[in-house]
Amino acid sequence: MRRLLLSFLAILTAWLDVSAICRQVTSEDDATPIGIIRNGGQWPDSVLALYHASGRDVWFTKSGVIRDSYITSGANRVGQVVYEPFGDAKPFDQTDSIGDVPITYIKGSVGSTISTVASINQSVRYIHPENREVTFRISRAGDLVRIERGITTLDTKLLRQSARNDKGQESVLAKASSVFTVGSYFGGPGIDEIAAMETLPDGTILIAGSTTQTMFPENLGGYSRVLGGNSDGFLARIDGSFRKIYRWTFIGGSGIDRIKGIAFDKARRICIVTQTDSYDMPVLALGYTPKTSGGYEAHIAVLDSTMSKLEMGTYHGGTSDDIPCCISADIFDEIVIAGTTTSYTGMPTTKSTLEAISGTYESGGRTLGYSFQVSSGRQSGGKSDGFIAIYTTMGQLRAARYYGDEGNDTITAMTTDKRGRIVFAGTTTSQTLTTVPIVFSGWPGRVPLVRSYAGGASDGFLVKMNRNLKLTQTDNDGNFVTYFGGNGIDRITAIDLGVKEDIFFVGSTTSNGFYRSSSIQSSVADKGDAYVGWLRTDGTTLDGFTYWGGSADDEALAVQADTMAVRVLFGGRTYSEDFPTIGAGSVAGINGEYDGFITALDFKRARFSTLVSGIGNDEVVAFTQAKNCDAVFALNTTSDDLPVTDSAVMRMQIGAGSYLSRYSLGEITLSTPKDGDFVCAGSVVNISWQTSGLSDTVRYFLEYRKVGASNWTTIAKSLRSKSTTWTVPRAIVPGAYEVRVTSQFGHASKTTNPITIDVNPAVSLRSSPPRDCEGASVRMVAIPANVVATFQWRRDGVNLSGSTDSVYVITSLDAGNVGQYDCVVGGLCSQSDTSKPLEVGVTLRPVIRSQPMSISVNVGERIRLGVAVDGAGMSYQWFRDSVKLKNAVNSEYIVDKATAADSGRYWCSVSNVCGTSVSDTAIVDVRVGTSVFEQRFDSVALRLLSPQPVSDELLIECRVPAETLSVCLTDLRGRQLIEPKGVTNLPGDMQTLSFPVSHVEPGLIFVILRSRERAFSLPVLIAR
């Protein structure tokens, strides 16, 4: 399920990556939620909406709710994704809402836009599979609130995260243990590996490895800030809590380059050995050796302590592949490197063909001599050999040799002791390595731990040579060569020297029957196990040994001696579901194909053992001692869910990357407050915690923060007790909060699910709008100051039955539902609060109760037309013959002195916010006297009202006796142009007649008025 969710979010992210959001607001902060954003086409159809706040995205989809909680740092992002499915999603309430924020999405390279809105007043409703309605809304404080069965709570519901292994079995992701007191990813979007790290005297840590992409702040770069090829080595100095990068640099050429080891000379300069196939690595050395092959070679470099200047650089290799593993700077300020080579020729050596191990010994009172010829390391012995070389810090080769015999020999680990002797280890298939001291008849001296090959597929070996790369027999030098293996496959992968220069070494084995039956784990559990051994400095005695692992393959990759009050700390990777875990804070059960592990023991008992477990593949590859004696370790990982601390230098890696953490014994568990507790502002809260493995002198710190915030606020500090009280500030912003306790060493424990801190009820109202048109919808929203709230709406002081949501909607406004509305809001803190009343009124559409009247006036007389309208907020506009009259915007239209041009058809348009009404038409007749446009005969009058010439409509006025007449139009030849109209009037009445003439040809026509006995005519000019 988790991977499906991540895939869905990846699709959404890809969808959003091609869109830039332009919010049409003047001030917008990512930490300030603008509400629930509706899907207007900017996301896939399966998405209904998004609620976005700092560190949290809530996607409302048609099948359920996806909560994505995260923290970002630069381009990096880490968090938690959970899913709550629902049966059927109801659509949004589509009513308009006050407070809507318009949002425009600019999509794609062509810049097409999609417009939608966000609103803090909207809600999203679902039908739960059990037919319960679940509603989500936003509180005034910007928190997402969940309402179910009338119960309002902060939406803090989180489901269990899970992952599936390669067998399809589901396993719960391991809770981050407080044994790992600080944590940070270290890597960019490509492939990153850490190979080595060292602690500097000031407590900062130098990290070395390789990367395929730039990931560091440009302004902190040192010697080289640009990647030279597909992969470069990198160095970075960071603080001991992984919160700050002080300096960094790349080391590389145009090919593939990986730093394999780092060391410091007496001047604290940084010595580096790099595996490279680049021909253009930086070179600066006395007796510089150029690159000799197209394969891999070792490259040695020395940088100043600030990583700004290259002070030495040279290649070391032969005609085939040469893979370095390690570098050390000895007490003589010389640089020692080691590794594995397949170069038969071209490899630098300073040795003669053979060397003799010779000397004397006492036997039976006599002094006897011995001499044995052994390989000097001048020539390669098999398909692969180890190599060792010593350089001055100026780049001059002082000594170099092969190490191996007729089989395959690899050197995997190397260091130098306080006398400059070189201690190294590896794996061999050669059965004829000379073990030292050489044991012969009568030899009374030291005997190497294992003198011969054990017969399996491979054995480990351990060697100590003097600083001339020579083996000797004497006790004074303490040189030795010993096999270490059984009848299976045995490898040594890492070594470290203890305070007495005894040798701690780790590896992997499939062999049973190793050297101590009293081991903590006395045999291989199944396929192959990790192991750890403790060898005396002279190579003669194994003082401690144990297998360590479960029923699948386990391999130790790193070791640190004499740390944390135990003999040895080692780590690596395991495929075993049943890997042994011990101690407070330990984590069991792998989540990836393989997980990292860390184990601390003293060879009598295991003190602590835990997995370092993410959803991907993890392996512990390096240790260093922190300034406070904790152990810092590096993990190479593909997991994106490892725990990180506040202000970590990198929040998450995107490709295959690295992870840093600090190991501190002990654990803290927060007891109170409990997850999901409810607390009122101003109240006193008991905070308590339990510890395991921590002394009574440890000091503790208490803090709190709002969910999604980046900074913590101090409650108390330097506490020695394990409980205290906290008076919650009265002015606190209500919402979901985390509480945590930390130790002075970095152990931490916090509430897994947040507590809710609430305030006394207080409420304000918003409406859209409080007065509206009849039939409109009015939406009122109660905005509570408290989070857990109840609602009761009232009108004119009387409860409205069933109105107990934060929103009250009048669906159709009329005179029956106007009045004063308020809302009574309650909560779990203090008494209820009633909002200020909101007056809701109704605005009517214009109703014209008095119409304008037609009039007839003489030229120079006054024209007065008017309307009377019910309603408020009216605007008026008068028209004559469909033409808007300028400045005619009152309820009356008045012309003081009429002219012939004022004749026409008049009406008035009346509008308000709720609509428009149009008056009846009134005809205004301005009499201008008899003319060619008027004929009068006794009681008959015939007058042209239309302006001459006429275009489309002919308008005449006639007065006739009480008899029936007919009116028609003729041309000059007397032909009728329209059918005659009958006219019947009462005596003295004026009759207005209209004739369409758009079809009549331009020219002179006549209006003919006929009675039984006579006819009257009026000439009319048609023109267009």
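In strand E23, Val302 is the bridge partner of Cys271. The model is predicted, so local features need pLDDT of at least 70 and side-chain atom pairs count only at pLDDT 80 or more, while totals for chains, interfaces and linings use all residues. Residues are numbered from 1 along each chain as its sequence is written, and side-chain values use heavy atoms, with hydrogens and water left out.

**Exercise 1.** Work out which strands pair with E22, and in which sense.

*Solution.* Begin with E21 (residues 257-264), which pairs with E22 in the antiparallel sense over 7 bridges; pairing requires that DSSP finds at least two bridges between two strands. Within this pair, Ile270 of E22 stands opposite Phe264. The two strands form a hairpin with 5 residues between them, and Arg268 in the turn has a positive phi of about 65°. Then turn to E23 (residues 297-303), which also pairs with E22 in the antiparallel sense over 7 bridges.

**Exercise 2.** Decide whether the faces of E22 are covered or open.

*Solution.* Take one side, where Ile270, Ile272, Thr274 and Thr276 are buried, and then the other, where Cys271, Val273 and Gln275 are buried; buried means under 20% relative accessible area, exposed over 50%, and partly exposed in between (1.4 Å probe, protein chains only). Because 7 of the 7 residues of E22 (residues 270-276) are buried, the strand is largely enclosed by the rest of the structure.

Key:
Helices (H or I, at least four residues) and strands (E, at least two) are DSSP runs, numbered from the N terminus.
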